[in-house]
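Could you have a look at this one with me?

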Amino acid sequence: MEEAVTLFRFLLKLDKRVFSMRDISTNSKYSKRVLGLLEKYGLVDVHKGSMYVIVLTSRGEKARKIAQHFVSFLEGKEVSLEDTRAGKGREVSLEDLPDYLKNNPWLSVLKERK
Amino acid sequence: MRLKFPQLAVLTYDELKLMDFRDLSKATLAKRKLKYSPLCMRLNRIDYLLPPSLILISGEYEELLDFTPTPHEVPSLVDSKLVKYLLFDLPLILYHDRAPILLRDLSERFTRDIDKGVAYVSNILARIAKVFNTTVVVCDKEIIELHDSTLTILVGKINGKTVAQIAETNEIFYLN
């Protein structure tokens with residue numbers, strides 16, 4: 001239960017899919033604890049280069065949405081747990097491809113560049 | 001395979017993974033490091049300032065093609081050559097000589113999977129507009145949908161007069 005509360009608090013304030021240890025907290029002990037929990041529950045993939053790059057898995061993305069929906073629910077707003085296509089995609093992401101491009105045949109061009 | 005900073009800033013993590021590029025921390029750094037002031041483009045025929053984002057001009061667009069500053073025009077490449085140019089060449093060109101971008105006749109640039117090609121290019125161009133904080137204009141004679149565009153300008157004729165309509169605001173401009 002305590003772990004769930006810690007994760008809930010973190011996921012609620014998380015506003016991006018890719019983040020660093022510093023985005024978790026400037027307190028390194030606390031950020032290591034949160035990262036440990038995120039990994040334990042399969043919510044993130046961790047890439048270690050010159051710095052830690054932490055990427056939410058699809059399970060992590062789902063958990064983040066559930067946390068945000070819970071707050072909306074408490075505020076009396078209509079919520080749906082179905083994935084929604086955000087607006088008309090006005091704010092393009094530099095981090096992820098939108099879902100509608102995930103199986104796009106033109107992505108094969110990238111494999112030719114390996 | 002070596003990727004340069006401007007390319008890493010434009011490529012998403014999903015795309016980098018498809019290329020077996022593992023140093024995501026370098027890509028994250030690139031996305032954070034490149035910061036530019038806005039570079040807009042004026043549409044002289046209607047004296048309209050286009051914001052630094054992806055813009056679609058549909059219909060008889062040639063009537064409108066008078067820009068300040070002069071944009072960098074995407075060469076007449078098709079299919080995978082176009083996609084490669086946008087992902088790998090254009091970021092390097094803009095890194096050394098930042099300018100607004102113009103791409104004509106997008107729907108004619110694919111010989112197969114046209115809708116999927118248009119959708120992918122739309123997303124790539126929106127990312128380029130965001131990374132380099134500049135205006136990117138796509139023109140097409142067909143009425144197409146660009147999922148990532150922020151502004152659509154429709155050009156056509158009413159009673160023999162050419163008009164441009166800003167779709168989002170319904171503003172109408174007569175061109176002659």
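1. First, the ground rules. This is a predicted model, where local features need pLDDT of at least 70 and side-chain atom pairs count only at pLDDT 80 or more, while totals for chains, interfaces and linings use all residues. Residues are numbered from 1 along each chain as its sequence is written, with chains lettered from A and ligands numbered from 1 in the order in which they are written.

2. Overall build. Chain B has five helices and ten strands (DSSP runs numbered from the N terminus: H or I of at least four residues for helices, E of at least two for strands). The radius of gyration of chain B is 17 Å, close to the 16 Å from the globule rule for 176 residues, so chain B is as compact as a globular protein of that length. That radius is taken over C-alpha atoms, and the rule is 2.2 Å times the number of residues to the power 0.38. Along the principal axes, the C-alpha atoms of chain B fill a box of roughly 60 × 35 × 25 Å.

3. Burial and contacts. In chain B, 42% of the 176 residues count as buried (20 or more other C-beta atoms within 10 Å of a residue's own; exposed is 12 or fewer, partly exposed is in between, and C-beta atoms are placed from the backbone). Of the contacts in chain B with a separation of 6 or more, 70% join residues 24 or more positions apart; a contact here puts two C-beta atoms, placed from the backbone, within 7 Å.

4. Helix H3(B), residues 24-33. B:Leu24, B:Ala27, B:Thr28, B:Ala30 and B:Lys31 are buried. Their arc around the axis is only 160 degrees, which puts them on the same side of H3(B); the arc is that of the directions from the helix axis to the C-beta atoms. On the other side, B:Arg32 and B:Lys33 are exposed. The buried residues pack against S1 (18-19), S2 (44-48) and S3 (52-56) of chain A, together with H1 (5-10) and H2 (13-18) of chain B.

5. Where the chains meet. 31 residues of chain B are in contact with 28 residues of chain A. On the chain B side, H2, H3, H4 (79-96) and H5 (114-132) each supply at least two residues, and H5(B) gives the largest share, nine residues.

6. Helix H4(B). At 1.5 Å a residue, its 18 residues should span 26 Å, and the end C-alpha atoms are 25 Å apart, which agrees (the expected span is 1.5 Å times one less than the number of residues). Still, H4(B) bends by about 40 degrees at B:Asp89, with B:Pro91 following within four residues; the bend is the angle between axes fitted to the seven residues ending there and the seven starting there. The buried residues of H4(B), including B:Leu82, B:Leu86 and B:Leu90, pack against H5 (108-111) of chain A and against H1 and H5 of chain B.

7. Most residues other than glycine have a negative phi, and most peptide bonds are trans. The bond from B:Thr68 to B:Pro69 is cis, with omega near -5 degrees, and B:Pro69 is in the loop between S4 (67-68) and S5 (72-73) of chain B. B:Asp79 has a positive phi near 50 degrees and lies in H4(B). B:Asn133, in the loop between H5 and S7 (136-140) of chain B, has a positive phi of about 50 degrees.
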